[in-house]
Amino acid sequence: MPLTAENGLFRCDTARTSYWFRVTTFGHLEHLYYGPLLGDGATADAMALKHTAEIGTTVAYDQSDLTYSLDVLPLEWSGTGYGDYRVAPIEALMPDGSYSCDFTYVSHRIVDGGEPIDCNPRSDAAPNTGRVPNTGRVPSAGSLPTTDPLPTADSPTHTLVVVMRDDSTGVICELRYSVFFDADVISRRASIINPSGKKRTALSLRNIASAMVDLPNRDFTMTTLDGGWIKETHRHDRHLQYGQTVNSSTTGSSSNRHNPGFLLAEHGATEDSGWVFGFNLVYSGNHRSVVEVANHDLVRITQGINPHCFEWTLQPGDRFDAPEAVMTFSQQGYNGASQQFHRFVNDHVVPAAWRHTPRPVLINNWEAHFFTFTESKLLDLAKGAADLGVELFVLDDGWFGKRNSDTAGLGDYSVNRKKLPGGLGGFATKLRRLGLDLGLWFEPEMVNEDSDLYRAHPEWALTTPGRKTTQGRNQLVLDLANRDVQDYIIRNVSAILDENPIRYVKWDMNRHISDCLSPTCPPGEFFHRYTLGLYRVLREIFTPRPDVLLESCSSGGNRFDLGMLCYSPQVWSSDDTDPVERLAIQQGLSYLYPQSTMGAHVSTAPHQQTLRPTPLSTRFNVAAFGVLGYELDLKYVTGLHKKEIKEQIAFYKEHRELLQFGQFSRVSSPNNKANKVQWQVVAEDGLEAITGFYQTLAQASEGFDQLQVHGLAPDQTYVMETKPQYLYLSRFGELLKHILPVELNPNGAILRTAGKFYRLTDCVERYQADSISLASGIMLSNQFVGSHYNEHTRLLGDFGSNLYVTKAQ
């Protein structure tokens with residue numbers, strides 16, 4: 001059984017990992033082990049940290065055992081005021097007026113599946129009236145999303161609930177552990193309960209982690225995913241030293257600055273070997289993770305809501321549920337941990353209707369038109385896209401109200417009939433005749449001052465009375481802590497979805513929150529209540545409409561997290577569509593999230609975000625390792641490029657299931673070339689793989705390249721072949737004079753005309769091999785080395801790339 005409890009010892013086993021802890025003599029939960037699956041011969045005493053001596057300057061928990069100090073004990077949970085001076089998972093002004101708390105074991109239970117997180121403070125909470133009721137109570141908070149722990153015959157899931165109590169005040173702490181057996185993931189969350197009673201008083205919660213654990217230090221490196229707008233989720237490694245390392249957001253969302261997830265890797269760990277622990281949070285608001293290296297080689301990890309501007313009052317009878325945290329372990333390096341998280345997200349996080357469901361190829365009109373479009377322009381783009389094989393047309397910003405710029409219209413939902421004379425329904429009908437479904441952009445959490453909504457309800461916008469109002473992108477944030485605002489969004493978005501055949505929604509949020517004050521709740525509760533309000537809106541709109549594909553967006557990857565993925569099967573990874581930048585962005589995301597969740601588009605070049613020119617082939621070769629879309633104005637695309645795009649889409653459709661749901665790996669260059677990136681996806685049966693080989697900057701007289709393909713089934717014969725792609729005459733400029741019998745002006749009419757009709761096929765290689773030789777590395781043909789060229793020369797240059805398909809014969 002994955003979860004057992006016997007004589008105070010708790011064992012949480014997945015298919016390949018074990019997580020053990022026990023109750024100590026004094027009732028604390030002592031962490032024993034997290035690592036490879038343990039056998040029947042393993043014992044708790046062998047794994048436990050030995051405390052046989054009193055350590056100087058420590059505080060003894062009880063005079064009966066001077067060696068028992070919480071400060072040097074590996075724990076599952078801790079408190080304040082009893083000698084543990086490491087970062088605490090909880091800070092609360094307790095009912096007795098002190099900050100001291102000491103939670104010890106009371107009982108436990110094991111249940112099949114899991115338990116939903118209902119954040120209602122109590123059953124008799126007052127209804128929302130738009131202001132704090134006179135009783136001082138606040139309205140029902142709503143529910144947090146949770147991963148799907150429902151057990152199946154193939155993948156049983158069980159949840160352990162451990163109940164602890166602070167004996168001095170009677171306050172209860174419940175810790176939940178859900179074991180996702182096949183995914184090798186364990187989720188955790190904490191709940192604080194202030195029991196009811198006539199003489200009881202309130203508790204003020206100022207910090208509450210979802211999970212805490214103390215691990216033995218393995219000379220860890222902490223890997224975080226950090227950045228900003230158009231440069232999200234770049235990998236950063238920090239060797240942990242004595243003290244605390246913090247990964248957090250205070251923007252009101254999980255943020256493009258610091259993703260909630262991170263990894264801890266032992267010294268020497270690589271992509272494919274070594275111990276790696278992964279941690280993430282099912283939450284879309286302000287988050288904080290603290291990793292502390294203490295003075296006796298223990299590493300404490302806490303993860304949860306950011307205590308920044310947080311304070312939550314629990315009256316007698318109230319409870320507070322922290323968001324769900326998830327963790328995984330692999331001894332197969334970073335790729336092993338990533339693949340376990342990928343299985344977990346695909347099987348237990350995204351909405352059930354979209355699990356392993358192929359995503360459509362789309363075209364988004366934003367970069368083609370911005371706000372300036374007519375129905376005729378849209379249909380011209382749609383006709384061209386349909387001819388190329390696109391399946392979904394996404395109408396982006398500018399279809400509603402007076403939305404002709406980013407200064408007006410947000411908050412309104414009336415269709416602009418000047419742009420769409422037949423409304424959304426009429427436009428959708430015309431798209432269906434072309435074989436396209438309609439997708440639609442919304443930004444429901446925002447409002448412009450120049451909008452009908454703001455003129456009717458200025459009090460719904462977040463402001464701070466007596467202080468200057470701050471705007472971002474000319475917009476204010478709506479108060480989603482206010483149930484009336486939630487209902488307005490639910491009513492209007494639902495009506496549009498019900499009245500029109502819309503199959504996809506892009507849900508945007510284009511600014512951070514700065515004014516963090518709502519008249520509907522105390523200031524310390526605002527950020528969390530905003531997030532809960534957002535979850536209620538998403539739940540009410542999309543749960544009854546499971547066939548609508550939701551793609552979350554927040555100026556790109558500003559809210560790429562497990563909380564949003566519970567409602568949104570995919571997220572727009574970044575507003576940056578430059579494939580060279582996307583290599584870093586999508587590779588960063590791949591450490592925590594599967595490629596099926598990453599919106600990835602091919603756009604025009606030079607790119608709007610970097611002014612960098614890149615080959616059309618590379619734009620596709622990067623976007624193919626995600627949910628493919630196109631974002632360009634087809635009337636400026638040449639006929640030859642259109643032919644290539646049509647071939648790209650056909651290739652993607654043929655391999656869509658493998659590209660979206662295959663086992664993804666990052667492949668390290670055998671000779672550690674800094675200018676190379678290699679990705680691969682392998683089918684579940686190991687009989688097919690697609691490998692992406694990318695070069696950032698070319699080097700003079702480049703050395704040999706090797707292509708490795710890992711994870712293939714043994715005892716098979718494979719054929720590896722390059723996906724054909726093209727080279728265009730304009731790329732070579734006046735160098736053409738060296739191969740032409742006559743000298744022609746590279747910018748002249750003859751070569752410009754020839755370039756419209758003629759292109760070169762790049763080098764195509766085809767090899768037969770077995771799984772061992774493919775894993776060792778196939779030697780590829782020479783790149784261009786400054787001299788000599790024939791059909792066997794690989795012409796990558798700057799930003800060049802190839803895809804390789806490997807199939808068992």
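**Close-up 1. Helices H11 and H12 cross with a right-handed sense.** This view, like the others, comes from a predicted model. H11 and H12, the latter spanning residues 639-654, pack at an angle of about 20°. Their axes lie 11 Å apart. Angles under 35 degrees count as roughly parallel, and H11 and H12 are therefore roughly parallel to each other. From H11, the contact uses Leu 616, Ser 617 and Phe 620. From H12, it uses His 641, Glu 644, Ile 645, Gln 648, Phe 651 and Tyr 652. Sorted by class, the residues of this contact are 5 nonpolar, 3 polar and 1 charged.

**Close-up 2. Helix H11 is largely enclosed by the rest of the structure.** H11 covers residues 616-623. Of its 8 residues, 8 are buried. They are Leu 616, Ser 617, Thr 618, Arg 619, Phe 620, Asn 621, Val 622 and Ala 623. Leu 616, Ser 617 and Phe 620 also take part in the contact with H12.

**Close-up 3. A cis peptide bond joins Ala 605 to Pro 606.** The omega angle of this bond is near 5°. Pro 606 sits in a loop. Strand S31, residues 598-603, lies on one side of that loop in the chain, and H11 lies on the other.

**Close-up 4. Helices H4 and H5 pack at an angle of about 25°.** H4 runs over residues 375-388, and H5 over residues 423-433. Their axes are 10 Å apart. The angle makes H4 roughly parallel to H5. This crossing is right-handed. On the H4 side, Glu 375, Leu 378, Leu 379 and Ala 382 make the contact. On the H5 side, Phe 427, Lys 430 and Leu 431 meet them. The residues of this contact comprise 5 nonpolar, no polar and 2 charged.

**Close-up 5. Helix H8 spans close to its expected length.** H8 takes in residues 526-542, a run of 17 residues. From its first C-alpha to its last, H8 reaches 24 Å. The expected value, at 1.5 Å a residue, is 24 Å. Of the 17 residues of H8, 15 are buried, so this helix is largely enclosed by the rest of the structure.

**Close-up 6. Gln 486 is a buried residue of helix H7.** H7 extends over residues 483-499. The relative accessible area of Gln 486 is 6%. Buried means under 20%, so Gln 486 counts as buried. What does Gln 486 touch, not counting residues up to four places away in sequence? Its partners are Leu 480, Ala 481, Gly 533, Arg 536 and Val 537.

**Close-up 7. Phe 664 lies in strand S33 and is buried.** S33 is made of residues 663-667. The relative accessibility of Phe 664 is 4%. Phe 664 and Val 682 are 18 residues apart along the chain. Which residues are in contact with Phe 664, leaving aside neighbours within four places in sequence? They are Asn 335, Gln 339, His 342, Ser 590, Gln 595, Phe 625, Trp 679, Gln 680 and Val 681.

**Close-up 8. Pro 465 is exposed in a loop.** The loop runs between helix H6, residues 452-456, and strand S27, residues 476-477. Pro 465 has a relative accessible area of 68%. Exposed means over 50%, so Pro 465 counts as exposed. How far apart in space are Pro 465 and Lys 646, C-alpha to C-alpha? The distance is 55 Å. Along the sequence, these two are 181 residues apart.

**Close-up 9. Asn 7 has a positive phi.** The value is near 55°, in a residue other than glycine. Asn 7 belongs to the loop between strand S1, residues 3-6, and strand S2, residues 9-13. Is Asn 7 buried or exposed? With 78% relative accessibility, Asn 7 counts as exposed.

**Close-up 10. Asp 715 has a positive phi of about 60°.** Asp 715 is not a glycine. The loop that holds Asp 715 lies between strand S36, residues 706-707, and strand S37, residues 717-722. Asp 715 is exposed, with a relative accessibility of 77%.

Technical notes. Residues numbered from 1 in each chain as written. Predicted model: local features only at pLDDT ≥ 70, side-chain atom pairs only at ≥ 80, totals over all residues. Heavy atoms only, no water. Axes fitted to C-alpha atoms, helices over the stretch in contact; angles between N-to-C directions. Helix = DSSP H or I, 4+ residues; strand = E, 2+ residues; numbered from the N terminus. Parallel < 35°, antiparallel > 145°, perpendicular 65-115°, else oblique. Left-handed = near helix turned anticlockwise from the far one by under 90°. Contact = heavy atoms within 4.5 Å. Nonpolar A, V, L, I, M, F, W, Y, C, P; charged D, E, K, R; others polar. Buried < 20%, exposed > 50% of the residue type's maximum accessible area, 1.4 Å probe, protein only. Expected span 1.5 Å × (residues − 1).
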